Amino acid sequence: MVQHRKIIHVDLDFFFAQVEVVDNPDLKGKPVIISGPPNSRSVVSTASYEARAFGVHAGMPAFMAYEKCPEGIFIIPRMSRYVQVSKQIHLIFKKYSDIIEPMGLDEAYIDVTINKKGIKSATQLGQMMQNEIYNVLNMTCSIGVSYNKMIAKIASDFNKPAGITVVTPKVSEQFLRELPLNKFSGIGKKTLEKYNSFGIYKGDDFLKVPLDRATHYFGRSGYNLFYAVRGIDNSHVKTLRTTKSIGCERTLECNITGVDELINHLDKIISELLGRLKRKKKNFKTLTLKLKYADFSQTTRSKTLKVSLKTHQDIFKVCRELIINSNIEKKEIRLIGLSASALINKSEDGNALVFQQIYFDLVN
Ligand code: TTP
Ligand code: MG
C-alpha cells in the first residue's frame with residue numbers, strides 16, 4: 001500500500017483583526033477594520049467578518065472602506081503584537097512536528113506524517129491543534145488536512161472561519177472535480193473570466209483538457225491547473241532552515257585591487273544571485289558581501305533593508321555601499337561572495353507591500 005504523506009495547513013481567521021478583538025473583547029462582533037485612518041492614503045490589511053459583510057476587504061483603500069462601512073472601527077496595525085502572537089502559534093505547531101513551513105504570520109504547512117504526538121490520524125491532530133490554539137490564545141483558525149500541500153491549502157480555505165476540512169486520497173478526486181475554479185491556487189478574477197469564457201467553471205471541466213491545449217490557451221496557469229485538478233503536488237514542506245539564505249561566490253581569475261575594479265565584477269555575481277532567487281521564488285531583505293583577500297583573510301558586511309530587494313539595480317546600490325564600508329584600500333581581493341537572507345516567498349511579498357504602504361502612510 002502506498003504510504004501517503006499527512007499535511008496540515010493552518011490559517012488563522014481574520015488574523016490582525018482577531019488579535020485586536022482578543023486584546024480588547026469589547027470589539028467582539030463588531031466591524032473591525034485594520035488600516036490607517038480613513039482619511040489617509042492607507043489600505044485595509046484585513047477586516048473582521050462583520051466588516052466583510054459590508055463589502056470591506058484586504059487591499060481596499062481605507063476611504064472606500066469607510067464609505068462602505070462608516071460604523072467600522074478603524075485600527076492602526078500593531079505589527080510587533082501580531083509577530084508576538086504568531087510566535088506563540090508556532091510554539092504550538094512545534095509540539096506536533098518540526099517540519100513546519102510558515103507562509104506569512106498566520107499561515108503554515110505542517111508535515112505530520114511522523115509527529116511528536118505519535119498519533120496516526122492527521123484529522124485528530126488537526127482537531128487537537130485547532131483546540132489548542134483556541135484554548136491557549138482564544139483564537140480561531142481554519143484547518144485543511146490532506147496528503148499534499150496544495151490540497152491541504154484549498155481545504156483550509158474551504159470552510160472558513162473555524163472550519164476543518166479533511167480531503168483523503170479516497171475523496172480527493174470527487175472533491176477536486178466539484179471544486180469551483182477560483183478555489184484553485186493562482187486563479188484570480190481576470191484568469192477566472194478567461195477560463196469561464198471557455199466554459200470551464202470547476203475542476204471537472206478542466207480534466208477533459210489535454211496538457212498541450214492547457215498550456216497553449218492558458219500558459220503557465222493552464223500548466224499548473226492541469227496538475228492541480230488531478231490533485232498532483234509533490235512539493236515538500238520546507239522548513240525555514242532549508243532556505244535560510246541563498247548565495248553565490250566567485251574566485252577571480254586574477255586578484256584585483258580597488259573599489260572600481262571590484263564594482264566592475266559585480267554585475268555577473270548579481271545576475272547569478274538573482275537567477276537563484278528567481279528559481280526559488282524568493283525576494284529578500286538582507287544582503288551580505290563577503291570578500292576574501294590574497295592572504296586568505298576575509299571580511300563580511302551586511303545590510304538589512306525595510307523593503308525587499310528585487311532588481312539588479314537595487315542590489316547593485318546596496319553592494320556599492322557595502323564595498324565602501326569594507327575599507328578594502330589596497331588589499332588584493334581573490335574572491336567575491338554575495339548572499340541573500342531574510343528571504344520572503346514571492347507569493348507573500350504582496351502582503352509585505354501592503355505593510356510597507358501602511359508604514360509609509362504612518363510616518364509621512
Ligand atoms: P490572510 O490569512 O489572507 O487573511 P486573514 O487572516 O485576515 O483572513 P482569513 O484568513 O480569515 O480570510 O492574511 C493574514 C494576515 O495578513 C491578515 O490578517 C492581514 C495580513 N494581510 C495584509 O496585510 N494584506 C493583505 O493583502 C492580506 C491578504 C493579508
Ligand atoms: Mg488568515
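The protein chain contains 14 helices and 12 strands, where helices (H or I, at least four residues) and strands (E, at least two) are DSSP runs numbered from the N terminus. This is a predicted model, in which local features need pLDDT of at least 70, side-chain atom pairs count only at pLDDT 80 or more, and totals for chains, interfaces and linings use all residues. Residues are numbered from 1 along each chain as its sequence is written, chains are lettered from A and ligands numbered from 1 in the order in which they are written, and side-chain values use heavy atoms, with hydrogens and water left out.

The C-alpha trace spans about 65 × 55 × 50 Å along its principal axes. Of the 364 residues, 44% count as buried; buried means under 20% relative accessible area, exposed over 50%, and partly exposed in between, with a 1.4 Å probe and protein chains only. Taking a contact as heavy atoms within 4.5 Å, residues 24 or more positions apart account for 64% of the contacts with a separation of 6 or more.

I turn now to the salt bridges. Under the criterion of a side-chain nitrogen of Lys or Arg within 4 Å of a carboxyl oxygen of Asp or Glu, the count comes to 17.

Which residue pairs with aspartate 11? The partner is lysine 160, with the closest N and O atoms 3.8 Å apart. Aspartate 11 lies in strand β1 (residues 7-12) and lysine 160 in the loop between α6 (149-158) and β8 (164-166), so the pair ties together parts 149 residues apart in sequence. Aspartate 11 is buried, at 13% relative accessible area, whereas lysine 160 is partly exposed, at 24%.

A second salt bridge joins arginine 78 and aspartate 23, at 2.8 Å from N to O. Here the loop between β4 (73-75) and α4 (79-94), which holds arginine 78, is linked to helix α1 (residues 15-23), which holds aspartate 23; the two residues are 55 apart. Arginine 78 is partly exposed at 33%, and aspartate 23 is partly exposed at 35%.

Lysine 303 has a relative accessible area of 27%, and glutamate 321 one of 35%. Elsewhere, salt bridges that share partners join Glu20, Asp23, Arg78 and Arg81 into one network.
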